[in-house]
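Subject: The two-chain model, handed over with notes

Hi,

Here is the model I promised you, with the sequence and coordinates together. Have a look at it first, and then read on for what I found.

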Amino acid sequence: MEQTGQPHNVSIENLDVFIEANHILKNINLTIPEKSITCIIGPSGCGKSTLLRTLNRMHDETPEVRISGKVTVDGQNIYAPRVDVINVRKKMGLLAQRPCPLPMSVFDNVAYGLRIHGMRNRKDINQRVVQYLQYVGLWDEIQGRVKSSAARLSVGQQQRLCLARGLAIEPEYILGDEATSSLDPISTKKIEELFLKLKEKYTIILVTHTLRQARRIADYLIFMYMGEIVEAAPAEQFFNNPRCQLTVDYLSGSFS
Amino acid sequence: MRLDLKKKEERFFIVLMIISALLIMSFLGFILGTILYKGLPALNLDMITKLPGGGFYLGKEGGVLNAIAGSLMITVGSVIISAVFSVPLVMYINFYLRKGSFFSNAIRFSFDILFGVPSIVYGAFGFALMVYLGLKASLLGGIISVSLLIMPVMMRSFDEVAKLLPHNLPEALLSLGSTKYEMIKVLLRQLMPALITAVLLSVGRGIGDAATVLFTSGYTDNIPTALGQPAATLPLSIFFQLGSPVEEVQNRAYASAVILTVIILVLSFISRYFSAKYSKNKI
């Protein structure tokens, strides 16, 4: 990416990922600009989600996955030995494809992350929970029901709750793995608006399946195909003046 | 013609399903009917509030409080022991061991076998163990043997549900920066109703089993006050009373069976209540 003058907080060097014998990601080199929305697009099975999950070391939980290369976040290689994976994950908030509320009340869902990261003072927790529920626009919608089960919320509300839960522990990056694909258009719009608001403070990296969404919100695009990066460019250049034929074909809908 | 056959086929299976359903319900009806018909006339307050008096087994005064107390003590003790081992084991094979790894398969295979071992074998094993340790037939012996009997039941039914846990829940917790132990604490909330069901199933198996306690807990007309004392149990109490030639005593056996059934019924209502309570926040 030819962005000058911006400090690059996430950079990936010579990253290879294998799942058993399959070479899923092939020699990935990337720099992701801060305080902007980067969308990773590409056809199913191209390795978008796998790439995203290397950024918060989610693959640690699947022993079949082998990773080589460097992922540097704020100057630190997160795959270096003795890196605390919990700090990595706290820093890189992940929003999953399908919202997954925790089996507890709405309030406790947001408070959970705060508690496990050591916040004890009730007043502080309370204030932070309210703040983030307001931030994602849930507070007014569900007011008075914060003590009821999170499972009772609609799917769109649940996804915003998950976002609030992730934001409450104050990550520095937001990773979204097709975070709106299970939502209706109105909920999708709300989440997208949130992302646009959030990019002032956070670096956002989204995997998305819908080109239209990428057009609506992306500042930078990464187009992947068969485990490789085909093209990575600022949104305007990517959509109006793509360099690779494969990108042109993908944008025109020849394959998806 | 073909269509006609298809409809007949469908109707045949519907009839078969209805017959099976009715059959299974009538079994339950017959069993309950028999013990109620024979037991209810012999059931009175004395049965559940009094110890067997002298000559109880010849038809004189008394009740089976000794057996009720013994059964409850043995069951509670063994449920606690089994839960202490089952919960960590199920968490270990589901959330620490790799899916389909040799070790987790080996563990599941072992408790599948243990699940099928007849209760008299546990009784015999418990007895051998006690002889080796120099213990007499006692409350402790009964608790140990019944724990062995119900542990596989508890592990297996708990494991079945733990396996079905939505995989994105552990992931959501880890991505918030939970350690695995913190993750498991939350997963247990989700699994609480399943754990209660597992406990209930194992209670049902444990409280009604006669063969395990036959050699290991002994029998007494008193309520045990220490782990080393023998303990009576309801199944054995029913067995001894049924073996009596006196008709009145035989009827009391059925009354004892009613008591045993009512205990299980009450326990299952209690567990349903708690199960529903803990399901409140379930996703």
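Chain A has a mean pLDDT of 89, and 96% of its residues reach 70 or more; pLDDT is the predictor's confidence in each residue, from 0 to 100. Among the elements of chain A, strand β1 (residues 8-19) of chain A has the lowest mean, 88, while strand β3 (residues 37-41) of chain A has the highest, 95. Elements here are DSSP runs, numbered from the N terminus: helices are H or I with at least four residues, strands are E with at least two. The stretch to treat with care is residues 1-6 of chain A, where the pLDDT is below 50. Beyond near neighbours in sequence, this stretch has 9 contacts in the model, a contact being two residues whose C-beta atoms, placed from the backbone, lie within 7 Å. Where pLDDT is low, the predicted coordinates should not be read in detail.

Chain B averages a pLDDT of 91, and 100% of its residues score at least 70. For the model as a whole, the scores are ipTM 0.87 and pTM 0.82.

A note on conventions: this is a predicted model, so local features need pLDDT of at least 70 and side-chain atom pairs count only at pLDDT 80 or more, whereas totals for chains, interfaces and linings use all residues. Residues are numbered from 1 along each chain as its sequence is written, and chains are lettered from A and ligands numbered from 1 in the order in which they are written.

Now the sheet in chain A. It is an open one of 6 strands, in the order β6-β7-β8-β3-β9-β10 (chain A), with mixed pairing; two strands pair if DSSP finds at least two bridges between them. β6 (92-95) and β10 (228-234) of chain A are the edge strands, each pairing on one side only. From one strand to the next, the twist averages 15° (axes are lines fitted to C-alpha atoms, for helices over the stretch in contact, and angles run from 0 to 180 degrees between N-to-C directions).

β7(A) pairs with β6(A) in the parallel sense over 4 bridges: Met92(A) has Tyr173(A) as its bridge partner, and Gly93(A) stands opposite Ile174(A). On to strand β8 (residues 203-207) of chain A, which runs parallel to β7(A) and is joined to it by 5 bridges; here Gly176(A) stands opposite Leu206(A). Because 5 of the 5 residues of β7(A) are buried, this strand is largely enclosed by the rest of the structure. Buried means that 20 or more other C-beta atoms lie within 10 Å of a residue's own, exposed means 12 or fewer, and partly exposed is in between, with C-beta atoms placed from the backbone. Tyr173(A), Leu175(A) and Asp177(A) point one way from β7(A), and Ile174(A) and Gly176(A) the other way.

Leu175(A) also turns up in the largest nonpolar core, which has 132 residues; Leu175(A) is one of those that touch the most other members, a group including Ile40(A), Met154(B) and Val199(B). Such a core is a set of buried Ala, Val, Leu, Ile, Met, Phe, Trp, Tyr and Cys residues joined through C-beta atoms within 7 Å. Its largest share, 14 residues, comes from helix α6 (residues 139-163) of chain B. Not counting residues up to four places away in sequence, Leu175(A) touches Leu52(A), Met92(A) and Ile205(A), among others.

Chain B comes to 11 helices and 0 strands. Its C-alpha atoms fill a box of roughly 65 × 65 × 35 Å along the principal axes, and buried residues make up 37% of its 283 residues. In helix α10 (residues 234-242) of chain B, the buried residues include Leu234(B), Pro235(B) and Ile238(B), and what covers the buried residues of α10(B) includes α3 (65-96), α9 (211-216) and α11 (247-279) of chain B. Leu265(B), in helix α11 of chain B, counts as exposed, because it has 10 C-beta neighbours inside 10 Å.

Finally, the interface: 19 residues of chain B are in contact with 25 residues of chain A. On the chain B side, α7 (168-175) and α8 (180-207) each supply at least two residues, and α7(B) gives the most, with 6.

Best wishes
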